[in-house]
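Student: Hi! Could you walk me through this one? I'd like to start with how the strands go together.

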Amino acid sequence: PRPDVDFSRQMVLGVTQGSGPNGCHSLRIVRVLQTDSQLQVQYVRAVPPAAAICTLAMVPLTDFVLIDRKNLPVVFSQVAS
């Protein structure tokens with residue numbers, strides 16, 4: 001189900017990298033950190049090892065989070081799991 005979003009109090013942050021070639025690929029936001037000068041959205045991109053057995057379905061590499069509205073610049077960074 002879609003969450004109710006009050007855009008006067010909340011904001012949606014998202015990251016996308018297109019589609020993964022099989023079901024073993026994934027992308028997820030793991031945390032949002034706030035400093036005095038910015039919001040940092042940290043995400044993990046999982047890529048399977050060569051010998052992995054995966055479904056043959058393309059998967060969306062997209063994730064969103066809902067946070068309280070802030071008037072700060074947003075920076076995205078990929079991190080290790």
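Tutor: Happy to! Strand 3 pairs with strand 5, residues 74–78, in the parallel sense, over five bridges. Keep in mind that this is a predicted model.

Student: Okay, and which residue in strand 5 is the bridge partner of Q40?

Tutor: That's V75.

Student: What about strand 2 and strand 3, are they parallel or antiparallel?

Tutor: Those two pair in the antiparallel sense, with eight bridges. A hairpin of four residues joins strand 2 to strand 3. As one spot to look at, I29 stands opposite Y43 in strand 3.

Student: Switching topic: how many disulfides does a search of the whole structure find?

Tutor: The search finds one. The disulfide joins C24 to C54, with an S to S distance of 2.1 Å.

Student: And where in the chain are C24 and C54?

Tutor: They sit in distant parts of the chain, 30 residues apart. C24 is in the loop between strand 1 (10–20) and strand 2 (26–34), while C54 is in the loop between strand 3 (39–46) and strand 4 (59–68).

Student: Is that disulfide left-handed or right-handed, and why?

Tutor: The torsion about the S-S bond of C24 and C54 is about -110°, so the disulfide is left-handed.

Terms used: Residues numbered from 1 in each chain as written. Predicted model: local features only at pLDDT ≥ 70, side-chain atom pairs only at ≥ 80, totals over all residues. Heavy atoms only, no water. Disulfide = S-S within 2.5 Å. Pairing = 2+ DSSP bridges.
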